[in-house]
Amino acid sequence: MTMSAGWYLRRLSRMGPREVGGRVGDAVRRRRWRSALPACPSVIGAPFTAVLPARAVAAVPPDAAKRLIADADRLMAGHARHFGVDREDLADPDWSYDPKTGRRAPSGYAFDVPYRDEDAAGDVKQIWELSRHQYLTVLAAAYAVTGDERYAERVAAHLRSWWAANPPLSGVHWISGIELGIRLLSWVWIRRLLDGWPGAAGLFEGNPVAVSQIWHHQRWLAAFPSRGSSANNHVIAEAAGQFAAACAFGWFPDSARWRAGALRSLERHLRGNTFPSGLNRELATEYHGLVLELGLAAVAEADAAGVPVPGSVRTVLLRMTDALAAVVDDRLRPPRQGDADDGHGLVVDGADTDRWASLLATGDAVFGRLAWWPAVTGTDVRTPLLAALVRPAAPAVTRPASRPAHFADAGLTVLRGPAGIWCRCDGGPHGFLSIAAHAHADALSVEVRHDGVDVLADPGTYCYHGQPEWRQYFRSTLGHNTLQWGGGDQSVSGGPFLWTRHARTRVLAVDPAGASEGGTARWCAEHDGYRRSVHRRRVELTAATRELRVVDEVRGAGGPVRLAFHLGPAISAELVGNRAVLTWTRDGEDRSAVLDLPGQLSWRAHRGESDPPLGWYSPGFGRKEPATTLVGTGQAGGPGPSEGFTTVLRFHG
């Protein structure tokens, strides 16, 4: 996907003067750097001291180690899977190759590479993912756990190959700051995990090529931070990677300056990216996880290096951890809200490790669990490694005495009922910053699960670049469990990561505790995204009857409406008239529910349609599978009182 002149004008309109000035400076700097690549200072032989305590690896649970080794052995055999695409070339990878399209990104000066044009460069997400080197942290962790030098030797061979193929400022891997930041964090942990291997020092601090790469990465990050309307999770990854490298590889004349600058940026943007309640302001759950992982890794580096960290950093991370514990369902699955691209901050576990259980386990080790936290039964490798580095120092803040259900600042409410009924109601702002890059047009949407199974599902994200019709669908109003009026989205898109007008939502009433006490939990909110009409929604969850009632009203101008309910991929549906019988299996048991839909609308079931897209579920980035979507069409609004559209979901057994 190439960007038109209109896109650049729309993007410019979302920037303030300070950001525009900063980007002009960046453009001048890129032009200047084209012809002047400075030499790295000579620091060969400087020691690496940021090692793990001896007890850390011994504390890795055996089942977590077993999963790690199984994944490492698949990687050693040359097999990997990224974003739904299998790679069989990991024994000797081509660092510029996209296995999805079969294209290679062009070489040359980094800032000339047309990385947004899939026809010219391939799918850049596929190309970048391997070069985050998180599969190498898995191999390095396997070496640390087993002592098997095959893993270490493969890591060394791939790093040397990457460094040779990607000299500073050359090619697609020197374009995006988040990639450089995460790669630096990976290198820090690779060096740490390989510390017992005889070749570790010769690979890193004794290797002029490695030292030059580390220096140039940090120089780049200091020069080109994400700015203004782009200062979302990207700037945190940049700061965390810069800070980690400046702590662990603090060998250079500029290391102290880089470390101080990165810590200031990290502290500022962690606060800026997080609501006081602890939820991430992007309102995209996977980015909550990414930012929390990056923040915890940065604190570990600070404590390992003896660098004081402002108390606000730990406070934000503590609140993020408590917020995560509050919103997960009975199977420790968080909401599927906003964009998700399977991005991780630090990977030292096997692929089958539960990400969210791992984060809660780390939060328990670092901050201590509260009585209302859900139980975490899984194990992981990362928790004992991070916990061995982090200095126990829980911030002196008041933590929630009971499990929060309504996050007023984020507009997120969770209604809970018996038998694991979990319902997320969305009454929050449309994303973060002026472009709301990772927001979806999902105001007033609901997401409903029963014992961890998606019943009314958020369909997910699927893709970012290269497939605009799919990108548009998965972030559209019709692509969520809410009401579309007038044939358009609630918020106006200006591009794949740009919204030029944001729907404003307000919560009118909320009582989330009712169902847990045997009564009825209630939530009501409205938004103004349709300008001439207001969409208001009421949700009630009654414990005694296991019944969820959703009432939609359109107030103002009349017009066509479509009301969508997206079923999870495990749900089978039989639609007759305006009643759908839903069935599924959980842990070998048959489950069922009845969905009574508004009779004023004409209902159809859609599944796996492509022209236009409708009836899909994306379990992860780059992957999609058919799922049933029920869509009712009709008219709403106009003069006189609104009768509303009532939907009732009743769970059986």
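This is a predicted model: local features need pLDDT of at least 70, side-chain atom pairs count only at pLDDT 80 or more; totals for chains, interfaces and linings use all residues.
View 1. E19 belongs to helix α2, which covers residues 17-33. Its relative accessibility is 7%, so E19 counts as buried. The cut-off for that label is under 20%. The side chain of E19 makes a polar contact with the side chain of S229, at 2.8 Å. S229 is also among the residues that E19 touches beyond its neighbours within four places in sequence.

**View 2. Helix α8, its cap and its cover.** Helix α8 runs over residues 149-165, 17 residues in total. From first C-alpha to last, α8 spans 24 Å. That is close to the 24 Å expected at 1.5 Å a residue. D148 caps the N-terminal end of α8. A side-chain oxygen of D148 sits 3.0 Å from the backbone nitrogen of R150. Which residues of α8 are buried? They are Y151, A152, R154, V155, A156, H158, L159, W162 and W163. An α-helix has 3.6 residues a turn, so residues three or four places apart point the same way. The cover over the buried residues of α8 includes α4 (62-76) and α7 (134-146). It also includes α9 (177-193), α10 (200-203) and α11 (208-223).

**View 3. Helices α7 and α9 side by side.** The axes of α7 and α9 come within 9 Å of each other. They cross at roughly 15°. Angles under 35 degrees count as roughly parallel, so α7 is roughly parallel to α9. The crossing of these two helices is left-handed. On the α7 side, the contact is made by Q134, L136, T137, A140, A141, Y143 and A144. On the α9 side, I182, S186, W189, I190 and L193 take part.

View 4. H133 lies in the loop between α6 (124-130) and α7. Is H133 buried or exposed? Its relative accessible area is 0%, so H133 is buried. A polar contact of 2.9 Å links the side chain of H133 to that of W187. Beyond its neighbours within four places in sequence, H133 is in contact with W95, L159, W162, R183, S186, W187 and I190. Among these, L159 and W162 are buried residues of α8.

Methods. Residues are numbered from 1 along each chain as its sequence is written. Side-chain values use heavy atoms; hydrogens and water are left out. Helices (H or I, at least four residues) and strands (E, at least two) are DSSP runs, numbered from the N terminus. Buried means under 20% relative accessible area, exposed over 50%, partly exposed in between (1.4 Å probe, protein chains only). A polar contact is a pair of N or O atoms within 3.5 Å; within protein, one must be able to donate a hydrogen and the other to accept it, and residues adjacent in sequence count only if both atoms are side-chain atoms. Contact means heavy atoms within 4.5 Å. The expected span of a helix is 1.5 Å times one less than its number of residues. Axes are lines fitted to C-alpha atoms, for helices over the stretch in contact, and angles run from 0 to 180 degrees between N-to-C directions. Angles under 35 degrees count as roughly parallel, over 145 as roughly antiparallel, 65 to 115 as roughly perpendicular and the rest as oblique. A crossing is left-handed if the near helix is turned anticlockwise from the far one by less than a right angle, and right-handed if clockwise.
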